[in-house]
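Dear colleague,

Please find below the structure that I am handing over to you. My notes on what was found in it follow.

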Amino acid sequence: MLEKMETVDVDELIEEFETITKDAERIQRETLRKILEENASAEYLQNLGLNGRTDPESFKSCVPLVTHEDLQPYIQRIIDGDISPILTGKPITTISRSSGTTQGKPKFLPFNDELMETTLQIFRTSYAFRNREFPIGKGKALQFIYGSKQSKTKGGLNAGTATTNVYRSSTFKAEMKAMQSQCCSPDEVIFGPDFHQSLYCHLLCGLIFREEIQLVFSTFAHSLVHAFRTFELVWEELCDDIREGVLSSRITVPSIRAAMSKILKPNPELADLIHKKCSGLSNWYGLIPELFPNAKYLSGIMTGSMEHYLKKLRHYAGDLPLMSADYGSSEGWIGANVNPSLPPELATFAVLPNIGYFEFIPQRLGNLESQVLCIEPKPVGLTEVKVGEEYEIIVTNVAGLYRYRLGDVVKVMGFHNSTPELKFICRRNLLLTINIDKNTEKDLQLSVDEAAQLLAEEKQEVVDFTSHVDLSTDPGHYVIFWEVSGEVNDEVLKECCNCLDRSFVDAGYVSARKVNAIGPLELRVVLKGTFQQILDHYLGLGAALSQFKTPRCVGPTNKTVLQILCNNIGKSYFSTAYG
Ligand code: AMP
């Protein structure tokens, strides 16, 4: 049906969304019923004694909360080729490899047509709301998307990153066309075996089709910034390729060369125009609208750990609006950004009540209860959450995950009809902690933002950052790794180090620092290109650039990344903020 669809009916989609969100509680019950009925024969559910019951109360009393680790033995059997109904009624034929950038190693998750359909539903919904406010015309999208290596598991199942599984699907392509967001690069570029070569060709295709480009997209904002940082380095070579109509010798993959030769023709006027435009820019400010005069906006996930890249992205984007994309994971999508005109810092995600069954563990209550009673707090339902409260999100999806702890903390900012609008806060288990201190990914981000202002006064920026708890010293201390754009003198960096230390305002941290139960924070400035090495390391492990997220905390078990960081230390400073 999708192949036949020419364009998406924006009004109808918005109407549909309004209808399901007005009746979120009933739709949640129905969705749960459907999931449990369709998968009633799954061994996992059979063993839990539901006996055909599909109501939320029975579900919650019979089915335990689980983590990925708990499900690993079941998933492993699927990977190994056991086609009996294990987690789902119908056998799973595709496996998603999650990026693994937050945990250090990739996770394997079931993927199926139903999950694909929920993905498309999220894309359609946010597109409809976006297009109502920022309509795009007929044309193409410059999409920095990359397929990861697809492999076969021992049992013969296809395995790729979730984004690769989505990009490969024919329904996805038809849908993108219907949304006027067809990628301007050929498939050979998207699915090429070398990310650097694919990126170069994405840029080249973007320039060739520059007049037609309606929007610029990547899954995560990091890839957008990475793409235009690369453009700064290769732009003259790109111009040469366009002038001569001959692809750079850096592209060695035969299938990419063949596909690009059909697109690339000598065009000296275009080459001169791009050359002139780039030469006229001041420090690349406003590069994107200069290159793509008909682009209406930039889109991608810009929240959470991506917020760090917003400053650079705004620099490249000039006046073009930034549209923060939706909220989801390899485990399934959760919410759509239905208020696209809000800046990414304020973006929220309205949960689609028919794409999964969602529960929420209150965090405030959680801390209190778990401290006093040492018990796991009780999750509440989608429509029972309270505005202003933070929750850990629990997902039951259409691909065999039941009451699965995703590991994300979200805050309820309001309601769209009766479904909550969530703000992504942080990964739950990304904690910098030594004793009584607890600092999350968000706390780290705030602290880095504060200290980076001192760098901004020197016209420098933090290219990327991560952290580590160093327990090899007594007392242990926080280590923050920074890659800085240019030369900065020692005095400024010393001050940045003090500022980082002072900006962790968690009461536990401050009191432990005051009595030296936590040692002075250490700022290690790493050499240029260190974070590129980390990215390359993950790509080598099979991660896709599309899904890459710099790990914001590197634990002791993530030895290779720690090694890369420690091998590249340029300078290091210890804080004197606490005397
Ligand atoms: P992956 O495991 O690669 O599928 O990544 C999924 C994770 O990325 C989620 O669990 C979140 O932690 C993060 N993520 C996804 N969407 C967003 C978003 N819109 N804002 C912030 N973080 C997000």
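Strand S3 (residues 140-143) pairs with S6 in the parallel sense, over 4 bridges. Please bear in mind throughout that this is a predicted model. Within this pairing, Leu 142 has Val 216 in S6 as its bridge partner. Strand S6 itself spans residues 213-220 and is mostly covered, since 8 of its 8 residues are buried. S6 is also joined to strand S7 (residues 297-301) by 4 bridges, and these two strands run parallel. There, Leu 215 stands opposite Tyr 297 of S7.

For S13, the pairing is with strand S12 (residues 357-362), in the antiparallel sense and over 2 bridges. Glu 359 has Gly 381 in S13 as its bridge partner.

**The ligand**

Which residues come nearest to the ligand? Of the 17 residues around the ligand, these are Thr 303, Gly 328, Ser 330, Asp 408 and Lys 549. In the side chain of Thr 303, an N or O atom is 2.6 Å from a nitrogen atom of the ligand. Ser 330 has a polar side-chain atom that lies 2.7 Å from an oxygen atom of the ligand. Asp 326, by contrast, is involved through its backbone: a polar backbone atom of this residue is 2.9 Å from a nitrogen atom of the ligand.

**The sheet of 4 strands**

A further open sheet is formed by 4 strands in the order S17-S18-S19-S20, with mixed pairing. Strand S17 (462-470) and strand S20 (569-574) stand at its edges with a single partner strand each, so one side of each is left without a neighbour in the sheet. On average, neighbouring strands of this sheet are turned by 20° against each other, direction ignored.

S17 and strand S18 (residues 477-484) run antiparallel and are joined by 8 bridges. In this pair, His 468 stands opposite Val 479 of S18. Helix H21 (residues 559-567) packs on the sheet and touches S17, S18, strand S19 (522-526) and S20. The direction of H21 makes about 90° with that of S20.

In an unreviewed entry, UniProt lists residues 442-554 as "domain: GH3 C-terminal". This span is 42% helix and 19% strand, and its end C-alpha atoms lie 15 Å apart.

Arg 502 has its place in helix H18 (residues 490-503). Is this residue buried, partly exposed or exposed? Its relative accessible area is 43%; because this value falls between the 20% and 50% limits, Arg 502 is partly exposed. Leaving aside neighbours within four places in sequence, Arg 502 is in contact with Glu 495, Ala 577 and Tyr 578. Arg 502 and Ser 447 are 55 residues apart along the chain, and their C-alpha atoms are separated by 8.1 Å.

With kind regards

Terms used. Residues are numbered from 1 along each chain as its sequence is written. This is a predicted model: local features need pLDDT of at least 70, side-chain atom pairs count only at pLDDT 80 or more; totals for chains, interfaces and linings use all residues. Side-chain values use heavy atoms; hydrogens and water are left out. UniProt positions are given in the numbering used here, feature names are shortened, and annotations may be inferred rather than shown by experiment. Buried means under 20% relative accessible area, exposed over 50%, partly exposed in between (1.4 Å probe, protein chains only). Contact means heavy atoms within 4.5 Å. Two strands pair if DSSP finds at least two bridges between them. A residue is near a molecule or strand if one of its heavy atoms lies within 4 Å of it. A polar contact is a pair of N or O atoms within 3.5 Å; within protein, one must be able to donate a hydrogen and the other to accept it, and residues adjacent in sequence count only if both atoms are side-chain atoms. Axes are lines fitted to C-alpha atoms, for helices over the stretch in contact, and angles run from 0 to 180 degrees between N-to-C directions.
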